[in-house]
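Me: I'm still new to reading protein models, and I'd like a close look at one part of this one. Could you take me through the pockets and then the helices around them?

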Amino acid sequence: STVKWIFRGIRRYGALLRRDPAHRYRSWEHCFDFFRAFRAAYVAGTPIPDDACLQLSFYLASWGMFRGNAFLLQKDYTVVRPVIKILMEPKYDDLWLNDELTLPPASWSSRARLAMDLAAEIEAELRKVRYINSKGKPSKATPSMILVTKILLGTTGCIPAYDRYVTAGMQREGLKPVRAGLRSYMMLLGFLSAYRVDFIRAAATLGRHHPPMKLLDMFLWERGR
């Protein structure tokens, strides 16, 4: 049942971290915790420090975004500096609240629009990146929604990462469409609301705070895997 998979996915995630304190899953925790503190202390308009770029870049590398033909593989950690500047903009404040389990349905559409606006702005910024590919030729970046949603998951925690297993999990749960967008986001909010008690109970086994969309990511990843 869905409830069984919620507990299975979240408990499996926690078990891996208990077995290996330096597991790559910790990269998300380090990144998320850093950006909660960084955003609280950030002064609008100030330069984005190297520490912020390093935290986000290592998390993305640890989660598979600096490999194969990925354009990030050809860049250093400073490539994410403009993205972090966007994340700090006050117009996206609500996305940092992580209140999806208590968000009233009347607010779902505005939250979905805000999340998709941020995703679109980040994607547009990454499309400006120019790099030298592995064949030595100048190239333009083509960022995927997997990359964009992993950035958002590791910083704001406002959306699952739409990777292969997560989208497969969405299909198995009938959460269609499985492409990031307004309809999909609204459906995820509805799913969290429907299984609110189960997510809260399962999250209690982890021993630390995880935003609702991260819990949903754990569940969907395991369901799709």
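Reply: Let's start with the largest pocket, which has a volume of about 400 Å³. Keep in mind that this is a predicted model. The pocket is lined by 20 residues, and the ones closest to its centre are R24, K150, D163, Y165 and W221.

The largest share comes from α10, which gives 5 residues.

Now for the second largest pocket, with a volume of about 180 Å³. Here 14 residues form the lining, and N69, A70, F71, T142 and S144 are the closest to the centre. Sorted by class, the lining of this second largest pocket has 8 nonpolar, 4 polar and 2 charged residues.

Take α1 to begin with. It packs against helix α9 (residues 196-203) at an angle of about 25 degrees, and the two axes are 9 Å apart. Angles under 35 degrees count as roughly parallel, so α1 and α9 are roughly parallel to each other. Their crossing is right-handed. On the α1 side, the contact is made by V3, I6, F7 and I10, while α9 brings D198, F199, R201, A202 and A203. Those contact residues of α1 and α9 divide into 7 nonpolar and 2 charged, with no polar ones.

Next comes α6, and its partner here is α5 (108-126). The axes of α5 and α6 come within 10 Å and cross at roughly 120 degrees. That angle makes α5 oblique to α6. This crossing is right-handed too. The residues that touch are A115, L118, A119, I122, E123 and L126 from α5, and M145, L147, V148, I151 and L152 from α6. In this contact of α5 with α6 you'll find 10 nonpolar residues, 1 charged residue and no polar ones.

There is another pair to look at: helix α2 (residues 26-41) and helix α3 (residues 50-62). These pack at an angle of about 155 degrees with their axes 9 Å apart. Since angles over 145 degrees count as roughly antiparallel, α2 is roughly antiparallel to α3. The crossing of α2 and α3 is left-handed. From α2, the contact uses S27, W28, H30, C31, F34, F35 and F38, and from α3 it uses D51, A52, Q55, L56, F58, Y59 and S62. By class, the contact between α2 and α3 has 9 nonpolar, 4 polar and 1 charged residues.

Last stop: the loops. The peptide bond from K176 to P177 is cis, with omega near 5 degrees. Another loop, between α4 (81-87) and α5, holds N98. Although N98 is not a glycine, it has a positive phi of about 55 degrees.

Definitions and conventions
Residues are numbered from 1 along each chain as its sequence is written. This is a predicted model: local features need pLDDT of at least 70, side-chain atom pairs count only at pLDDT 80 or more; totals for chains, interfaces and linings use all residues. Side-chain values use heavy atoms; hydrogens and water are left out. On a 1 Å grid over the protein atoms alone, a cavity is a set of points where a 1.4 Å probe fits but cannot get out, and a pocket is an open set with protein on both sides within 12 Å along at least five of seven lines; lining residues have an atom within 4 Å of a point. Grid points are joined across faces, edges and corners, and a volume is the space filled by probe spheres set on the points. Helices (H or I, at least four residues) and strands (E, at least two) are DSSP runs, numbered from the N terminus. Ala, Val, Leu, Ile, Met, Phe, Trp, Tyr, Cys and Pro count as nonpolar, Asp, Glu, Lys and Arg as charged, and the others, Gly among them, as polar. Axes are lines fitted to C-alpha atoms, for helices over the stretch in contact, and angles run from 0 to 180 degrees between N-to-C directions. Angles under 35 degrees count as roughly parallel, over 145 as roughly antiparallel, 65 to 115 as roughly perpendicular and the rest as oblique. A crossing is left-handed if the near helix is turned anticlockwise from the far one by less than a right angle, and right-handed if clockwise. Contact means heavy atoms within 4.5 Å.
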